[in-house]
Amino acid sequence: MKLLLVEDDALLADSLLELLRGGGHRVEHLNDGDTALARLASAEHGVDLILLDLNLPGTGGLEVLEALRQHDPETPVLILTARGAVEDRVRGLDLGADDYLGKPFSLDELEARVRALLRRHSRTTRLSLGPLELDVTTLGFTLDGDPFPLPPREQRLLACLLRHAGEPVDKSRLAEQAFSGEPMGDNAIEVYVHRLRKRLPAERLALRTVRGLGYLLEGDP
Amino acid sequence: MKAAHSLYGRLLGWLTLPLLTLGALLLLQAWLEARTTADHAYDRLLEAASLAIAEQVQRQDDRLWLDLPPAALEMLAGDAQERVFYSLSDQQGRHITGNARLPLPSDRSAADGGLLYRDIDWQGLRLRQGIRRSRLEGWQSGESFDVSVAHTREGRDALRFELLRGNLAGILGMGMLAVVTLLMALRAALRPLTRLRHAIRTRDPRTLAPLDLDLPRELAELRETLNGLLSRMRRVRANQERFIGDASHQLRTPLAGISARAELALRQTQPERWRAALETIHSTSENTARLAMQLLSLTRLANPEYRPELIPVDLNDCARQAVRDHWMTCHQAGVDLGADCLASPVHVAADWQLQESLANLIDNSRRYGASRITLGVMTHPPRLVIEDDGPGIPADQHLLVLRPFHRGRDDHEGSGLGLAIADGIARNHGARLSLGDSAMGSSLRVEIRFPEASQ
């Protein structure tokens, strides 16, 4: 995957470059807002994910984001910033950022968010998490390469959880995305989750309950 | 146009407008008056001439006969070389004699016994005509006749312009005087504004001392408003200065620790010592960064000028969002974070700071040994409840731990700011934060109680 890192702090940028390149990504690094604006000016920038610092010399990160969203509503943007307040986060998300990390952050967390964003915005037809793989067009699952047949409702439920792997998914959202149109009580969802949980290899894929909220699918627990 | 935006220009404009109108009216009046006066003077000549002619009219051979002495017409031709015309006509308006066939008004009864004046256009000439109806003295028949005398207007016009010229000089003089007075008055009235501007411009930009300047009442109000602003700015700046002092003190300590640990590690050669030092440095630097953020939150809260922008928020959404945001961090630390929401929405007026408050409370519980944290929502009054199964806080410490920099428990990790920030945010929302023991025994229950919705 092709990543663009816009970060002016050399120490942090070096660490992030090392981390992301180690994770098998091609990473391009820019250290100010003006070059980032120029780099992203055309719709054919060929970047799959942008990691954007807000506090940049010259043009600020929020302005870069705003300019990018004028012509490119798709490419996921992860904001990295020392401005920790929720206020700035709200502004960033309003302007079209997809996620937000306040500095300082742990590298584990950054990796997880990058993975999640790339998965969610993947243009490929295959999604994978650990041993599990999904063909988005047919909704067919494979586990370790072998077909992993599921009843239709559980199949849609797992597809929805996989799309959002690594983050809690609300029950209401599950009901809407996995059982669209069908009247479905919270208890019914619980039943399907329970059945699904029993089918998954518990030692390699965890379907966790987030109390009072929903569920979360995690690989390599 | 620039003048429209200047006070001076605006005043000048509004004062000049009536002045110009008045001047124009005066001019018009002078013009009309000069015309009346000139006509009046020359009409007397017409009257005299027509009378002189009428006296010469006789009856001969049963006809009216006029033998005109040249003097009668000469009095009508002044210096201005006017052309003079006369005509005599009988009762029926038939022309008898004269040097021109002057037109007569269709209704001549008005002229009976007197003189009728009128302006006429005759063969391309602008004439003033006087018509006198008269009778022959001593004749029984009493036949009446009309004497019509007219002359061109050169003399009248010349007189009129002369009269006007005299008036014009006076009007112009008065106008000039008025304008000069106006300019001086405006300058004098606006001078305090110049002084104020000068006083502001020459101030040291770093000073926030009040403006001390003697000004007229309207500007004194402006000065007071400005001084009010300056005093609020002084308060904000004092607050910021205090923060910078506190922050540098608070941050210097962990930085000194990091520096000492690194220096010590560099003197050693065993990789396992380096590793241990790096681990300490990593965790200390994380805590330091968190401390910096908390200090910033606290300053914002302590800012006397800060007013939250409150919008209606569902506490259920608020709790769910907080769980979503912090679940991963808690999960990685082995803490089970969950929500206990209500089915129906519970609306309060809040802003984004409420999330920051919850973040601090979750963080606090996690750091102080909880393994299970639950965010709950309750109604009547609307409440957010954060309950954990940690060691709890002794009741006698409940108020103390809300103070900034108070370290309630014997810990070395906390900054002593989390609860103070949460409390400050609750106050900003008109809510009350209180600590209590949870139902689970020796654990902590923090409740943020909002005022009952007023609608």
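How many bridges join strand 8 of chain A to strand 9 of chain A, and do these strands run parallel or antiparallel? Two bridges join strand 8 (residues 140-143) to strand 9 of chain A, and the two run antiparallel. The model is predicted: local features need pLDDT of at least 70, side-chain atom pairs count only at pLDDT 80 or more, and totals for chains, interfaces and linings use all residues. Residues are numbered from 1 along each chain as its sequence is written, while chains are lettered from A and ligands numbered from 1 in the order in which they are written.

Helices (H or I, at least four residues) and strands (E, at least two) are DSSP runs numbered from the N terminus, and two strands pair if DSSP finds at least two bridges between them. In chain A, four strands form an open sheet in the order 6-7-8-9, with antiparallel pairing. Strand 6 (126-129) and strand 9 (146-147) of chain A stand at the edges with a single partner strand each, so one side of each has no neighbour in the sheet. Thr142(A) is opposite Pro147(A) of strand 9 of chain A. The loop between strand 7 (132-135) and strand 8 of chain A holds Leu139(A), a residue other than glycine whose phi is positive, near 60°. Leu139(A) is partly exposed, with 13 other C-beta atoms within 10 Å; a residue is buried if 20 or more other C-beta atoms lie within 10 Å of its own, exposed if 12 or fewer, and partly exposed in between, with C-beta atoms placed from the backbone.

The secondary structure of chain B comprises eight helices and 14 strands. Of its 455 residues, 25% count as buried. Two residues are in contact if their C-beta atoms, placed from the backbone, lie within 7 Å; of the contacts in chain B with a separation of 6 or more, 61% are between residues 24 or more positions apart.

Strand 7 (residues 144-152) of chain B has eight of its nine residues buried, so it is largely enclosed by the rest of the structure. Seven bridges connect it, antiparallel, to strand 3 (residues 84-90) of chain B, with Phe85(B) the bridge partner of Ala150(B). Nine bridges join strand 7 of chain B to strand 6 (residues 125-135) of chain B, also in antiparallel orientation, and Arg135(B) stands opposite Ser144(B).

Helix 6 (residues 315-332) of chain B has 18 residues and should span 26 Å at 1.5 Å a residue; its end C-alpha atoms are 26 Å apart, which agrees. The expected span is 1.5 Å times one less than the number of residues. This helix bends by about 50° at His326(B), the bend being the angle between axes fitted to the seven residues ending there and the seven starting there. Its buried residues include Leu315(B), Val323(B) and Trp327(B). Gly334(B), with a positive phi near 75°, follows the helix.

In the loop between strand 11 (372-378) and strand 12 (383-388) of chain B lies Pro381(B), and the peptide bond from His380(B) to Pro381(B) is cis, with omega near -10°. His380(B) has a positive phi, near 50°, and is exposed, with 7 other C-beta atoms within 10 Å.

Between the chains, 16 residues of chain B are in contact with 12 residues of chain A. Helix 5 (271-302), helix 6, strand 9 (336-340) and helix 7 (353-367) of chain B each give two or more residues to this side of chain B.
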